[in-house]
Amino acid sequence: MAKIIGIVNQKGGVGKTTTAINLSSALAHFRRKVLLIDLDPQSDATRGLGFDPALQPKTIYDVLVKNYDLNRVIKKTVVKHLELVPSNLKLASIDSAIEEKVVDKLSLLKETLLTLKKDYDYIIIDCPPSLGTLNYNSLVAANSVLIPVQCEYFALEAVSPTLVAISNTQKSSNPHLEIEGFLLTMYDARTRLGIEISQEIRGLFKENTFLTTIPRNISIPEASFRGVPVTIFRPSASGSLAYFSLAREVIDKEESN
Ligand SMILES: Nc1ncnc2c1ncn2[C@@H]1O[C@H](COP(=O)(O)OP(=O)(O)OP(=O)(O)O)[C@@H](O)[C@H]1O
Ligand SMILES: [Mg+2]
């Protein structure tokens, strides 16, 4: 059975998609079979893996809204062992598009994952920066949540609505939902500010914080621009090494359970 990890933070631009793509690619590097689901209408994960969202005939939208077969929208990627469920802008209209007869619209993704024919080790879900239908679908479907936290002031305040959403979901429909960990992103070791903030965040989230910190690294946006994970584009870049190390932490945690 696949472990399902949602990459969630309602704050925009904190490194969710970068983490979804590169954690997936790094897990695949360690020969784990990975399915990355792009659950964001912005479709950055789809683009970041080299696909044009506008050219996708069927996407996660058709699966969730029109009952289209999930297995038929899965795409192979340039990364061996990594496959993608693409998204496009249509996903933004999910609320108005879901038929009224759908009783539990927050369980659509969970139900759909039960129809997967292929076995994966990990399913990674890239979520949009909001706390609406899409994010709740990922919280209901997931085994755990990975929360990227940008190294900046007010990080805790930024994360608190996400923690409330997790707690609501645990109380209502997914009592076993765990926090996989908080991940410090875009860390700049050259500045005192970066060091201070990362220490403060580690103090707040304690052992729930991954040992790995993702540094600010120019190879990361360069790789996105070319539509490949940084772990493939420049495997020895500091950003790649960090995502390999994060993947090892995720695997070790899973295997020690
Ligand atoms: N470690 C990093 N070093 C340098 N640039 C980074 C790093 N991580 C992310 N970025 C850049 O920061 C921007 C925001 O990152 P990303 O798209 O991953 O955030 P997000 O949380 O998915 O955003 P959104 O909330 O809009 O979905 C992107 O341009 C990305 O290339
Ligand atoms: Mg994103």
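**Exercise 1. Work out in which order the eight strands of the open sheet are arranged, and which strands stand at the edges.**

Counting as strands the DSSP runs marked E of at least two residues, numbered from the N terminus, and as paired those strands between which DSSP finds at least two bridges, one reads the order E3-E4-E2-E5-E1-E6-E7-E8, with mixed pairing. Strand E3 (75-76) and strand E8 (209-215) each have a single partner strand, so one side of each is left without a neighbour in the sheet.

This is a predicted model, in which local features need pLDDT of at least 70 and side-chain atom pairs count only at pLDDT 80 or more, while totals for chains, interfaces and linings use all residues. Residues are numbered from 1 along each chain as its sequence is written, and chains are lettered from A and ligands numbered from 1 in the order in which they are written.

**Exercise 2. Determine how strand E2 is paired with E4 and with E5.**

Begin with E2 (residues 34-38) and E4 (residues 82-85), which pair in the parallel sense over four bridges; here Val34 has Leu82 as its bridge partner, and Leu35 stands opposite Glu83. Turn next to E5 (residues 122-126), which pairs with E2 in the parallel sense over five bridges, with Tyr122 opposite Val34.

**Exercise 3. Decide whether the residues of E2 are buried or exposed.**

A residue is buried if 20 or more other C-beta atoms, placed from the backbone, lie within 10 Å of its own, and exposed if 12 or fewer do. Five of the five residues of E2 are buried, so this strand is largely enclosed by the rest of the structure. Val34, Leu36 and Asp38 point one way, whereas Leu35 and Ile37 point the other way.
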